[in-house]
Amino acid sequence: MSVSDSEPGLLTRLRRSDLWYSFTRNKAAMVAALLLALLITTAFAAPWITPQNPFDPAQLDLWNAELPPIWMQGGQWPYLLGTDNQGRDILSAILYGSRISVIIGISTVVLSLAIGISLGLIAGYFGGITDNLLMRLGDVLLSVPTILIAILVSAIARTMLPPGLREVGAGAVLVLAITLSAWVQYARTVRAQTAVERRKEYVQAARLLKVPSRRIMLHHILPNTLTPILVAATLNFGMAILTEATLSFLGIGMPPSQPSLGTLIRFGNQYLFSGMWWMVVFPVLQLSLLVISVNVLGDWLRDALNPKLR
Amino acid sequence: MIVFLIKRLANAAVVMLIVALMAFVIFRFVGDPVEFMVNEQTTLAEREALRARLGLDEPVMVQYVKFVLNAAQGDFGISYRNQQSVMRLIAERFPATMELVLLATLISLVVGIPLGVITAIHRGRWFSEGLQFLSIIGVSLPSFVIGILLILVFAVTLGWLPAFGRGEVVRIGWWTTGLLTPSGRMAIILPAVALSFYQITLVMRLVRAEMLEVLRSDFVKFARARGVPARLVHYRHALRNCLMPVVTMTAMNIGALIAFALVTETVFQWPGMGLLFIQAVTFADIPVMAAYLVIVSFIFVALNTMVDIAYAIIDPRLRDAHS
């Protein structure tokens, strides 16, 4: 999500930029960035820093089931946040789960960026019937609530896929299901900007020089549309994680064999009345921190990149 | 105006036809409907008879037209799971969802508007910035998380409110209401609050943005210069000019709330359309899924169209902008 990974030798330029200045002046954004970095690092480092692999049955011990967090009566090292009814370490499960949630979130953003930007460029650059068709398609997709589309797509995929593929393909199905309505926003933004840029002199000059359309779109116009896209992508990353968690919570997302945070909350929710609050509260906390830090960053980015607010 | 009206209605009709096409494709091609309705003892001849009776041997185009015509009359076929008319199943659940959604909307307005006004008037003060920050948290928390936390605090720990079900209901004609019995009123509090949470933050942020705009305008400056008390300036003069967008957003979001209610309904086991839909998804009960998609989209599209038309009636400039 950071601005720094697109061009080489960027560190000094970044440090002198307005964006960096605004970042260092905004405590909330800095805290959120640190938190997000921490959450993502620990999620990807899960196999090396957790006391057990929570999904390897050989490592589970029923004697250690239903342990409360370590600071409570009966808590046991190394189960910092307690264990579930099968002796699974909650902290390990949460870190592994975050990894799945983050991967799905990133894949969704990347895929919808790719689709949205290409279709937006094509629609805005060529105009006419293509433009009309693509944008009407977007209108229809937005006239059905996003969550409903995602649920229907993953429900249908589950019915259509052969049973052997259902668990393996669950992640891919979720990415597709969320992308299906997420690309529209990017396409609209890029299209609007492209339609404006197309008429500018530098594009006309490039056309006269017979630069291929593809090159004009990708190298000349696209860089000028990236600012609003960056904000949308950040906020969309949070939205994708939330939608994935919601679907998994409803039982039509990630299967129990590879649980995301939503799946963990679904398990925990079933034990809500048995007093094992740690099974649900900690995954909820992790999911909330993840999405809140993304949204705080996105909010700051929107204000920082908005020339009207400077 | 009439041209605009026709255009807007035609637009809505096209969207609904496409949604119906989606529902039809799901209904017809996700699994074989006949396979869902028969058992092992059914002979081949009986299956063919059933296929003919359901009209599945006709050309696909004809089937689609029939599907649309039937749907327009509220006939979505028979549920695979409990062999009842889909329309009746949904009609039974409709009041529960609507009561939940309307109460959540009401809560979001009653709480969100004052919060928005306060954060706009006292911009920069600590509690206003704090509320603004809290609203980001409100947007970030998924509704099922809020539901679970509410249950954990108010049902499990404190034991004040019921965590699931709708309580006792009273039947008025075809409508059932839980609002007239004490247990029904207790039962609706938690789900309605959980559902309204996101909406509260939306209303609050919208009112704040609009208020900041209006407070800069000349008529507010003039009212202040004239010595009108601040309270009147804020709540009578400024707030009134902010309400139009709030009403629009609220009306448009009722459709989204109905869709989102399915999450809240699952958490609280609230017997509404959403819970019916989720159960249909788990049992691959295709007719119920298709019907739910069409009905919710219809409400969604109808509300958007009505808001657009209402706007065009109020503000003639928009008629040209659209056409």
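Helix H7 of chain A passes helix H12 of chain A in a right-handed crossing, a crossing being left-handed if the near helix is turned anticlockwise from the far one by less than a right angle, and right-handed if clockwise. This is a predicted model, in which local features need pLDDT of at least 70 and side-chain atom pairs count only at pLDDT 80 or more, while totals for chains, interfaces and linings use all residues. Residues are numbered from 1 along each chain as its sequence is written, and chains are lettered from A and ligands numbered from 1 in the order in which they are written.

**Packing of H7(A) on H12(A)**
- The axes of H7(A) and H12(A), which are lines fitted to C-alpha atoms over the stretch in contact, with angles running from 0 to 180 degrees between N-to-C directions, come within 11 Å and cross at roughly 55 degrees.
- That angle makes H7(A) oblique to H12(A), because angles under 35 degrees count as roughly parallel, over 145 as roughly antiparallel, 65 to 115 as roughly perpendicular and the rest as oblique.
- From H7(A), A:Ile147, A:Ala150, A:Ile151 and A:Ser154 meet A:Thr243, A:Thr246 and A:Leu247 of H12(A), where contact requires C-beta atoms, placed from the backbone, to lie within 7 Å.
- This contact has 4 nonpolar, 3 polar and no charged residues; Ala, Val, Leu, Ile, Met, Phe, Trp, Tyr, Cys and Pro count as nonpolar, Asp, Glu, Lys and Arg as charged, and the others, Gly among them, as polar.

**Interface between the chains**
- In the interface, 35 residues of chain A are in contact with 36 residues of chain B.
- Helices H7 (146-160), H12 (226-250), H13 (261-270) and H14 (278-305) of chain A each supply at least two residues of the side that touches chain B, and the largest share, 9 residues, comes from H14(A).
- By class, that side of chain A divides into 26 nonpolar, 8 polar and 1 charged.

**Chain B**
- Chain B has 13 helices and 2 strands, which are DSSP runs numbered from the N terminus (helices H or I, at least four residues; strands E, at least two).
- Of the 323 residues of chain B, 37% count as buried, that is, with 20 or more other C-beta atoms within 10 Å of their own, as against 12 or fewer for exposed and in between for partly exposed, the C-beta atoms being placed from the backbone.
- Helix H9 (residues 218-225) of chain B is hardly covered, with 0 buried among its 8 residues, and H9(B) is followed by B:Gly227, whose phi is positive, near 90 degrees.

**Confidence**
- Chain A averages a pLDDT of 79, and 86% of the residues score at least 70, pLDDT being the predictor's confidence in each residue, from 0 to 100.

Notes:
Two residues are in contact if their C-beta atoms, placed from the backbone, lie within 7 Å.
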